[in-house]
Amino acid sequence: MAALRKSILLLLLTGYTMFAAGPFVWVAMMSLRTTTEIHHDHFGFPDPAHWNKYPDAWFNSNYATYFANSTQIVVAAVILVTLIGAMAAHCLARYRFRLNRVIYFVLFSTIIFPPQITIISLFQILVQYGLYNSKIGLMLVYVAIQLPLTIYILESFFARIPSDLFDAARMDGYSDWEIFWKVAFPIALPAITTTVILNFILLWNEFLFAVVLITEEANRTLPLGIQRFIGDTQEDIGMIATGLMIAIIPVIVIYAFFSEKLIQGMTAGAVK
Amino acid sequence: MAVVSLKDLTKIYDRGHAPAADKVSLEIGDGEFMVLLGPSGCGKTTTLRMVAGLESITAGELSIDGAVMNAIPAKDRDIAMVFQSYALYPHMSVKNNLAFGLRRRSVSRSEIERRVVSVAETLELTPFLQRKPHALSGGQRQRVALGRAIVRDPKVFLFDEPLSNLDAALRVSTRSEIASLHRRLGATMIYVTHDQVEAMTLGTRICIMNGGRVMQVGSPLDVYHQPVNTFVAGFLGNPPMNLLPATVTDAPGGCTLAIGETRLEVPGTRMPAHSPGADLTFGIRPENVRLGEAPGAGFATLAGTVTQIEALGAETIITAGLPNVAAPLTARVAGDGGPGVGDRVGFAVDLGAAHVFGPDGRAVTQS
Amino acid sequence: MAGAALAKRDDGLRRPWGTISAFLLPALAVYAALTAYPAFRTLWNSFHEVLPRRETFIGLANYAELARDEIYWKAVQNTFVWAFASPLIEVSVALLLALALYAKVPGARFFRIAWFTPVLMSYIVVGILWAWIYNYDWGPINVALRFVGLDSLARPWLGDPDTALPALIFVTSWMWVGFNMVVLLAALHSLPREVIEAAELDNCGWGGKLVFVILPMVRATVLNLVILSFIGKMKIFDLVWITTKGNPLWSTETVSTYVYKRAFEWTTFDLGYPSTIATVWFVIVLAAVLVLTRVFRLREKLEY
């Protein structure tokens with residue numbers, strides 16, 4: 001009876017896993033097959049596997065540019081948001097002052113804002129300041145949209161560092177600024193890593209702000225690039241599948257290395 | 001080497017609230033080991049943190065070697081502090097923990113190295129220099145925390161309940177380590193604790209605090225034998241001093257007290273004359289109470305019913321209820337055996353060791 | 001002298017304002033320039049006709065127009081359907097699966113990692129993928145239906161106004177159920193085992209245990225997930241944009257896609273009207289989140 005129940009359970013779990021992962025397996029297989037092969041049988045196994053489709057997709061489109069743009073914008077935004085967010089979070093967690101909770105709430109509540117409330121004006125503002133259609137402009141906007149989540153995660157971590165440590169460092173002769181860099185920041189490194197990975201993935205996938213604020217081919221990020229690529233390749237499903245895989249792979253690689261950290265980051269705050 | 005002087009030091013966290021430290025005045029001599037003792041919330045840690053520079057001083061004056069320190073930041077006071085939680089930097093090795101405080105002072109690299117090695121040697125930390133704090137035992141962490149203070153070679157050492165996170169056995173050995181450290185360095189040390197055994201064994205002098213105020217300052221035995229008020233009397237000693245409500249009975253200038261139904265004649269050396277009817281408190285330490293009837297002059301007998309017996313082997317703590325007396329009487333007698341719970345027994349009280357406190361709780365005993 | 005020191009507010013060491021502002025300034029500057037200012041500017045826009053080189057004050061005209069805008073209300077309706085259906089589906093399915101996993105199962109770590117994968121993908125990738133899955137000719141769903149002889153049920157799922165919205169809701173559920181499950185699993189594992197065992201001793205059946213013991217204890221987590229899912233769906237844009245662009249017949253139009261269309265696709269060039277939509281929508285989302293939190297937190301929090 002117990003064994004039967006366990007097998008039913010396992011069957012259910014495996015079934016759900018196939019449902020969750022199946023589509024990816026399907027794309028992965030199609031990415032190695034030509035469109036002709038796919039039209040012949042949409043669910044066939046890649047035999048032979050056309051690995052050369054990857055370099056083809058890469059070189060026949062502007063993938064290299066999209067990739068480089070996404071990397072530049074996202075890396076810069078993540079570095080900035082981490083520094084700015086960590087400084088603010090440290091300050092809100094450590095110093096007691098009258099407006100502390102008000103500032104925390106104001107920064108944090110932005111999480112529920114629908115993006116429409118800022119996006120039209122951001123478009124106007126960036127046009128005004130010559131940052132429309134520029135990587136720097138999009139990067140700055142990315143810093144702003146990830147700031148609340150970053151502060152939220154880091155503040156709760158910084159708040160758990162015992163204040164005795166800061167007192168000890170103060171008696172050891174360190175200034176507030178040095179204490180942040182030499183004590184708080186290194187101790188919070190696990191939480192900081194989590195926010196770095198989380199922000200990286202969320203921004204890597206970001207589409208709405210990119211589509212509004214970037215129109216020039218040379219500045220397109222990867223999600224815009226994929227959209228463009230589909231438009232160009234039309235019905236060439238095999239090639240689109242390859243293109244999708246190229247976009248997925250970096251995320252999968254990061255996930256493979258940091259799955260636990262990432263799950264922690266994404267679920268932070270939801271468990272109570 | 002330093003003299004630390006606190007003059008009316010006051011700390012108020014929130015206006016309108018009672019001060020956390022209220023006009024604390026204290027003169028700590030060069031090389032002295034001063035223990036601040038009191039229950040939690042008595043202001044001892046606040047006082048220590050004001051000395052350290054971690055807490056601003058609301059009012060009063062703090063000076064070290066005559067120089068006023070109120071506005072001097074913590075790092076420039078040349079003070080080292082050992083924290084209750086040790087406060088070791090978790091991301092640094094033991095070696096870096098020891099060296100961290102020196103790097104901010106104009107100490108040369110080779111000098112830092114030399115000092116760290118020598119401190120690690122004295123504290124037997126040499127094998128652990130490359131380890132991170134999480135890989136150390138509680139006792140080792142405690143020694144690193146001590147080492148971090150010693151390596152700085154400060155004018156004044158501050159300790160904030162440094163032993164309270166250790167288990168009983170380690171506490172005893174670390175206690176003697178701190179005592180020998182004080183002998184060796186001869187530095188001025190201020191030590192905060194709520195543990196009277198630590199206070200009695202370590203302190204050159206003890207400062208007992210309550211409710212933000214200094215109650216009494218003196219050598220451990222002075223404070224033990226001559227408590228200035230009922231708080232000090234009841235706080236020091238384990239079990240604490242018996243404090244029994246008493247009334248002066250006889251004619252003007254008399255020294256006879258009524259405790260419940262018993263009358264006892266307190267020697268004039270322990271109590272000045274009072275007018276009849278005055279409500280006083282009669283204090284007697286459990287070790288000055290014996291089983292049995294008064295053996296002669298200078299003793300009085302209090303009869304009561306035994307309510308609790310704690311046999312500790314070498315001694316027995318007997319608690320008894322006295323008829324018509326609100327407080328119980330505790331006696332500490334040698335050996336085991338004796339009466340059982342519910343027995344009615346007499347207790348001989350050594351009046352030569354009696355303390356008498358006035359209605360305001362202050363001692364009226366003449367020493 | 002002591003009196004003077006007392007009178008001065010005592011914040012010398014605890015509140016070093018210089019340091020505090022130095023730490024907070026960058027964050028507040030980013031917030032002010034790229035969140036607060038744009039939000040207020042959107043509000044300002046909503047009372048104006050905003051053309052590339054001309055801004056005219058038109059009072060509440062935009063709001064009046066919005067009230068009559070049928071496409072807008074269709075979009076609101078679609079978004080609300082989405083935002084209410086999704087949390088229900090996601091959280092309940094996730095809860096069932098999490099309970100199944102709560103019993104110790106070999107390979108739990110692997111399952112956890114696998115189920116979490118869809119959330120990490122961009123809506124763009126997911127959208128293209130599911131457009132294929134819903135393909136009329138060769139999408140796996142229709143292929144499977146035909147295989148079992150249910151040809152009549154095969155349809156262009158995203159092309160049919162009746163099925164397009166449910167089909168997209170299904171896609172978001174596919175993405176988010178795993179996430180919800182992992183969170184719920186963590187919550188279940190943090191429950192004290194004794195309470196559940198005690199319920200077993202009290203002769204509580206499986207259903208009883210779920211309703212009376214487990215659910216009340218994971219309430220806070222469930223609430224968080226519901227709100228998180230709700231907020232996410234109120235914002236949804238990418239998936240619709242890449243699959244249907246709101247078609248067919250506005251059956252998948254969401255507020256986000258409609259704002260985008262009015263601001264950047266339609267040739268009206270007016271940014272005032274879409275700003276009005278955004279403002280009204282902002283108020284609606286805020287109110288909805290507040291109401292939702294209120295409703296869920298009405299009863300006291302449980303302590304255990």
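Student: What distance separates the centres of domain 1 of chain B and domain 2 of chain B, taken over C-alpha atoms?

Tutor: This is a predicted model, and in it the centres of domain 1 of chain B and domain 2 of chain B, taken over C-alpha atoms, are separated by 39 Å. The domain assignment places residues 4–234 of chain B in domain 1 and residues 235–357 in domain 2.

Student: How is chain A divided into domains, and what separates their centres?

Tutor: Chain A has a domain 1 covering 8–51 and a domain 2 covering 62–267, and their centres, taken over C-alpha atoms, are separated by 33 Å. The contact takes 8 residues from domain 1 of chain A and 8 residues from domain 2 of chain A. On the side of domain 1 that touches domain 2, H1 and helix H2 (35–40) of chain A each supply at least two residues, and the largest share, 3 residues, comes from H1(A). The residues of that side of domain 1 of chain A divide into 4 nonpolar, 3 polar and 1 charged.

Student: How many helices and strands are there in chain A?

Tutor: Chain A contains 13 helices and 0 strands, and its C-alpha atoms fill a box of roughly 75 × 70 × 35 Å, taken along the principal axes.

Student: At what angle do helix H7 and helix H10 of chain A pack?

Tutor: A helix pair is read from its angle, the distance between its axes and its handedness. Helix H7 (residues 135–158) of chain A and helix H10 (residues 189–204) of chain A pack at an angle of about 155 degrees, with their axes 10 Å apart. Angles over 145 degrees count as roughly antiparallel, and H7(A) and H10(A) are therefore roughly antiparallel to each other. The crossing in which H7(A) passes H10(A) is right-handed.

Student: Which residues make the contact of H7(A) with H10(A)?

Tutor: H7(A) contributes Tyr142(A), Gln146(A), Thr150(A), Ile153(A), Leu154(A) and Phe157(A), while H10(A) contributes Ala191(A), Ile192(A), Thr194(A), Thr195(A), Asn199(A), Leu202(A) and Leu203(A). The residues of this contact divide into 8 nonpolar, 5 polar and no charged.

Student: How many residues does the contact take from chain A and from chain C?

Tutor: An interface can be read by its residue counts, then by its elements and classes. The contact takes 65 residues from chain A and 72 residues from chain C. Among the elements that give two or more residues to the side of chain A that touches chain C are helix H1 (2–30), helix H4 (63–94) and helix H13 (237–267) of chain A, and the largest share of that side, 11 residues, comes from H1(A). By class, the side of chain A that touches chain C has 49 nonpolar, 13 polar and 3 charged residues.

Student: Which elements of chain B each supply at least two residues of the side that touches chain A?

Tutor: The contact takes 17 residues from chain B and 13 residues from chain A. Strand E6 (79–82) and helix H2 (94–103) of chain B each supply at least two residues of the side of chain B that touches chain A, and the largest share of that side, 3 residues, comes from E6(B). The residues of that side of chain B divide into 11 nonpolar, 3 polar and 3 charged.

Student: Where in chain C does pLDDT stay under 50?

Tutor: Where pLDDT is low, the predicted coordinates should not be read in detail. In chain C, pLDDT stays under 50 over residues 1–13, for which the model has 14 contacts beyond four places in sequence, and also over residues 299–304, for which the model has 7 such contacts. The mean pLDDT of chain C is 81, and 89% of its residues reach 70 or more.

Student: What ipTM and pTM does the predictor give the complex?

Tutor: The predictor gives the complex an ipTM of 0.84 and a pTM of 0.83.

Notes: Residues numbered from 1 in each chain as written. Chains lettered and ligands numbered in written order. Predicted model: local features only at pLDDT ≥ 70, side-chain atom pairs only at ≥ 80, totals over all residues. Contact = placed C-beta atoms within 7 Å. Helix = DSSP H or I, 4+ residues; strand = E, 2+ residues; numbered from the N terminus. Nonpolar A, V, L, I, M, F, W, Y, C, P; charged D, E, K, R; others polar. pLDDT = per-residue confidence, 0-100. Axes fitted to C-alpha atoms, helices over the stretch in contact; angles between N-to-C directions. Parallel < 35°, antiparallel > 145°, perpendicular 65-115°, else oblique. Left-handed = near helix turned anticlockwise from the far one by under 90°. Domains from an automatic or database assignment.
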